[in-house]
Amino acid sequence: ITAVDNKICDAPEYELSLINQGLSAAGLRDAVQCSLKALSDEIKFHFTNTSQASACTPSSTTGLGLPERIGASIRAVNSSENTVIVAVVKRPDREEASVMPLINAGFNRRYVENANMMACYNELLQLEHGEVRAQFKLRAGNAIFTALEQSQEAIEITSEDQVIQYVNPAYESIMGYQRGELIGKEIIEVPKSEKNKPDLLETINSCIRKGKEWQGIYYAKKKNGDSIQQNVKITPVIGQGGKIRHYVSINWPLHDNNKSDKSTERVQAESQTDIQSSKHKDRRKGSLDVRSTTSRGSDGSSQRRHSSMARIHSMTIEAPITKVINIINAAQESSPMPVAEALDRVLEILRTTELYSPQFGTNDEDPHTNDLVGGLMTDGLRRLSGNEYILASKQPHHMPSHLTTPLTLNDIPPRIAQTMENEESWDFDIVNLEAATMKRPLTYLGMKIFSRFGVCEYLNCPEATLRSWLQVIEANYHSSNSYHNSSHAADVLHATAYFLSKERVKQSLDPIDEVAALIAATVHDVDHPGRTNSFLCNAGSELAILYNDTAVLESHHAALAFQITTRDDKCNIFKNIESQKGKTVHTGFHAVYHTAIIDMVLATEMTKHFEHVNKFVNSINKPLAALEENGGSSDEDSAKSILTSPENRILVKRMLIKCADISNPCRPQELCIEWAGRISEEYFAQTDEEKRQGLPVVMPVFDRNTCSIPKSQISFIDYFITDMFDAWDAFADLPNLMQHLDNNFKYWKGLDERKLHSLRPPPE
């Protein structure tokens, strides 16, 4: 901008700047106009600015030369406090003049006029990277120190030599010191608590001197001599040249629960470094979609798997032990090698012990969820005397006489064979098969699925023996149960076979695992009485006494299955393994099947539901997700190691049968509604019997006169299904199941919003 004849016009001959941060164009014009009355020469300058300012006061420049008057006029404006002003002067013809008049007038720098464009440009660059940026920081300084002074967390700033330079009022309040007592002292001069481990300070210093942040628990000593346990976060401040210039320590007492929780949240966020958090409501309460991860499959499948994998990193079923694991993972990032290796061992122990059951509070506003939890995840309220419920006195069923002649797969009637044509599809209709087989779907579907997986060949078992075994197992299911009958077993067998066909599952399991899984699915509810474990414990049943009120039904199912299998050679599917493998090896193989089948059947017990899901997520899902995000062919071996380790194969089998067992909400809508009606009727019957016998009512909401079936399904999906199938989908890639689950949840929600208690809306 060139000032000529007391006017300002936009006609710069070259860009030489008056660099201004905080003074508006209008304000500058007013300031310059005040000093142009005595203009005798042409002054050229350029400025940049965005903020507003008021006009200057001419009287403040009286008695000064033109440049000084301009500088003083600008400085008279309040908003010019952090402005950098450059005086451009002509090259002197005589002796160099002093710059003090310009400095006294408010100029920061003098620049001798130069027609060389690059010289001017270089000057501007130096100004921007020097004085201008410094002024920016100074202008922000007041706000920063206001924030420090108002912070409720104790803040201490030290130099690179650990000399205390600043403490805020919160620090003074918590520690009992006055600021003047600390500033200028070295950290080592401040008394230390004896409660810290001897090597803790050395560990902290070793970490922060490398430029790494340290966070952990530390005992500080107050002025009065008391020790206070604090969460401490120490951050090195890196200055010019990459050197540490300061250390900032943020401390808050450990007993402050709110801040402790925030600390834990920060640590968890740091342990998942590339997470971009964005909360949104999902179909279930508290569901979070945190991030997308690299995934296999088509674009649609990939996007859906991104969503499922995102939820894996923010599961709402976090138990205390998984929080501990996340904190330890974060601590490893800033720990010396010996400490990191020790923490690896700690994590190994934590991941293989029984520490995964979450803690749940009560929710009086959701009785359906409370009753489901009470009924499915507890083993009874009290032992009754003199009112024992007799269940286990009867002997196992033998094969009905009209079924004793074994048939082969080729002998299945055409109508039944036609019903089973699409048994490899998830949408297979088990209810149609139940009707076609006169409530004997397990034998027929079992024959076909076991044949498809080559079970007879692997066990060296004749097809006739397999048929006999399926028949006797099915005969020991109670057809009088509305839900826990052989149709449910066939449904679980079908889901198990479907899951075994998924690529990721096949990569993890070997043929022994597959055979064991199919057998476990077939027998997992054999001889189920149509009552829950809590009912049997409260009634003092023989089974509850036998199994000490612990996993009563599941233990009975597994034990009875092996009793039935080994009692008669005609149905002993394990008999001929020895002829194939040799006597010594046979014993080992039989033990493998025995252990695997029992483990999977026991995994269907709901008191361990969250433990199994948590272990699966933390030991398999999260490590695999981390590998997928990192990418690269070198990770293939790591993925294989995760998938095929003996411990993880057990977790996969448990998760597989658990998902198969309670997969009804993920079935096509008509099947979902049918199964919901059946389980509700079984719970209604239990409530009726509890009232007749004067037993504690385990699930009061399942009163046939008042129960809302839609509400019970919503609670079941929210509490048990969604998280588990998110994890299983992320592993096995099951887009069709997740779509059915979403549709079914919306269906039940729609009925509930209309205040309907029934399975279906009334006909219009």
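This is a predicted model: local features need pLDDT of at least 70, side-chain atom pairs count only at pLDDT 80 or more; totals for chains, interfaces and linings use all residues.
In which sense, left-handed or right-handed, does α29 pass α31 in a crossing?

**Figure 1. Crossing of helices α29 and α31.** Helix α29 spans residues 669-693 and helix α31 spans residues 735-753; their axes come within 10 Å and cross at roughly 55°. This angle makes α29 oblique to α31. The crossing in which α29 passes α31 is right-handed. On the side of α29, the contact is formed by Gln669, Cys672, Ile673 and Ala676, which meet Asn743, Asn744, Tyr747 and Trp748 in α31.

**Figure 2. Surroundings of Arg760.** Arg760 belongs to the segment that follows α31. Its relative accessibility is 39%, so Arg760 counts as partly exposed. Residues up to four places away in sequence being left aside, Arg760 touches Glu670, Ile673, Tyr747 and Leu751. Arg760 and Ile709 are 51 residues apart along the chain, and their C-alpha atoms are separated by 9.7 Å.

**Figure 3. Packing of helices α26 and α28.** Two packed helices are described by the angle between their axes and the distance between the axes. For helix α26 (residues 609-630) and helix α28 (residues 646-661), the angle is about 130° and the axes are 10 Å apart. The two helices, α26 and α28, are therefore oblique to each other. The crossing in which α26 passes α28 is left-handed. From α26, the residues His609, His612, Val613, Lys615, Phe616, Ser619 and Ile620 take part; their counterparts in α28 are Asn648, Leu651, Val652, Arg654, Met655 and Lys658. The residues of this contact divide into 6 nonpolar, 4 polar and 3 charged.

**Figure 4. The open sheet of 5 strands.** Its strands follow the order β9-β8-β12-β11-β10, and their pairing is antiparallel. Strands β9 (164-167) and β10 (214-221) stand at the edges with a single partner strand each, so one side of each has no neighbour in the sheet. On average, and with direction ignored, neighbouring strands of the sheet are turned by 30° against each other. Helix α7 (residues 200-208) packs on this sheet and touches β10, β11 and β12. The direction of α7 makes about 140° with that of β10.

Figure 5. Strands β10 and β11 pair in the antiparallel sense, over 8 bridges. In one of these pairings, Ala220 has Ile228 of β11 as its bridge partner. The hairpin of β10 and β11 has 5 residues between the strands, and within the hairpin Gly225 takes a positive phi near 95°.

**Figure 6. Pairing of strands β11 and β12.** Strand β11 covers residues 227-238 and strand β12 covers residues 244-253; the two run antiparallel and are joined by 9 bridges. Pro236 stands opposite Tyr247, a residue of β12. Both β11 and β12 are touched by helix α7, which packs on the sheet.

Notes:
Residues are numbered from 1 along each chain as its sequence is written. Side-chain values use heavy atoms; hydrogens and water are left out. Axes are lines fitted to C-alpha atoms, for helices over the stretch in contact, and angles run from 0 to 180 degrees between N-to-C directions. Helices (H or I, at least four residues) and strands (E, at least two) are DSSP runs, numbered from the N terminus. Angles under 35 degrees count as roughly parallel, over 145 as roughly antiparallel, 65 to 115 as roughly perpendicular and the rest as oblique. A crossing is left-handed if the near helix is turned anticlockwise from the far one by less than a right angle, and right-handed if clockwise. Contact means heavy atoms within 4.5 Å. Ala, Val, Leu, Ile, Met, Phe, Trp, Tyr, Cys and Pro count as nonpolar, Asp, Glu, Lys and Arg as charged, and the others, Gly among them, as polar. Two strands pair if DSSP finds at least two bridges between them. Buried means under 20% relative accessible area, exposed over 50%, partly exposed in between (1.4 Å probe, protein chains only).
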